[in-house]
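Have a look at the model first.

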Amino acid sequence: RGLAAEAMKDFDEGIRMLEAIRASSRDNAMVSYRLALLWWQKGRMLGMAGNRAEEISLIGKSRDLLSKLESVPSVTGPRPEQVQRSGAYLLGDLGHALQLADRKQDSARAFKDAVSLWENLLRSRPQSVSAPPHALAMPLASLLAALAIGAAAAASGQGPVLRPFTTLCA
């Protein structure tokens, strides 16, 4: 928390720069990917500061951009697996933010989408899919089952609040 204001300024500056580059070069997939990652991380920072609505908005915006990148793979951009893996992690964070905002149905949908992305990655590239870092001790199938249970709990309003993927290993 000590340097949160400075970090936010750096996020804003990076976002401004990448948005300007993207405006003049829409087909630069790597710029779009990095912009999506900055929106996602800025959203997480805002969520940690209690601004849940802005967190959900930025993470959603990031997910939309990653979805576009997934649908039109680029030779100069990140590997499709990298975009999908980022999307799976992001959806876990989005599900968590939605759960904290008491948007249980949306949260359940985000968690289910995360499960679906991880399953697709596992099917398409079983040797190269890296499970979320906190799950290295468990088979990926067990992690997917845990996410599915979390999605069901979020939808029903029961069960504990799940922590996002990116903070479970902290």
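Predicted model: local features only at pLDDT ≥ 70, side-chain atom pairs only at ≥ 80, totals over all residues.

Residues are numbered from 1 along each chain as its sequence is written, and side-chain values use heavy atoms, with hydrogens and water left out.

**Helix pair**
- Helix α4 (residues 80–100) and helix α5 (residues 104–124) have axes that come within 8 Å and cross at roughly 160°.
- That angle makes α4 roughly antiparallel to α5 (the label applies over 145 degrees).
- In their contact, 11 residues are nonpolar, seven polar and four charged.

**Largest pocket**
- The largest pocket (an open set of points on a 1 Å grid, with protein on both sides within 12 Å along at least five of seven lines; lining residues have an atom within 4 Å of a point) has a volume of about 180 Å³.
- Both α2 (29–48) and α3 (52–71) supply at least two lining residues each, and α3 gives the most, with four.
- The lining of this pocket splits into four nonpolar, four polar and four charged residues; among them are Arg22, Asp27 and Lys68.

**Largest cavity**
- There is one cavity of 30 Å³ or more, a cavity being a set of points where a 1.4 Å probe fits but cannot get out.
- The largest cavity holds about 40 Å³ of space.
- Its lining has seven nonpolar, two polar and one charged residues, including Pro73, Pro78 and Pro80.

Technical notes
Axes fitted to C-alpha atoms, helices over the stretch in contact; angles between N-to-C directions. Parallel < 35°, antiparallel > 145°, perpendicular 65-115°, else oblique. Nonpolar A, V, L, I, M, F, W, Y, C, P; charged D, E, K, R; others polar. Points joined across faces, edges and corners; volume = space filled by probe spheres on them.
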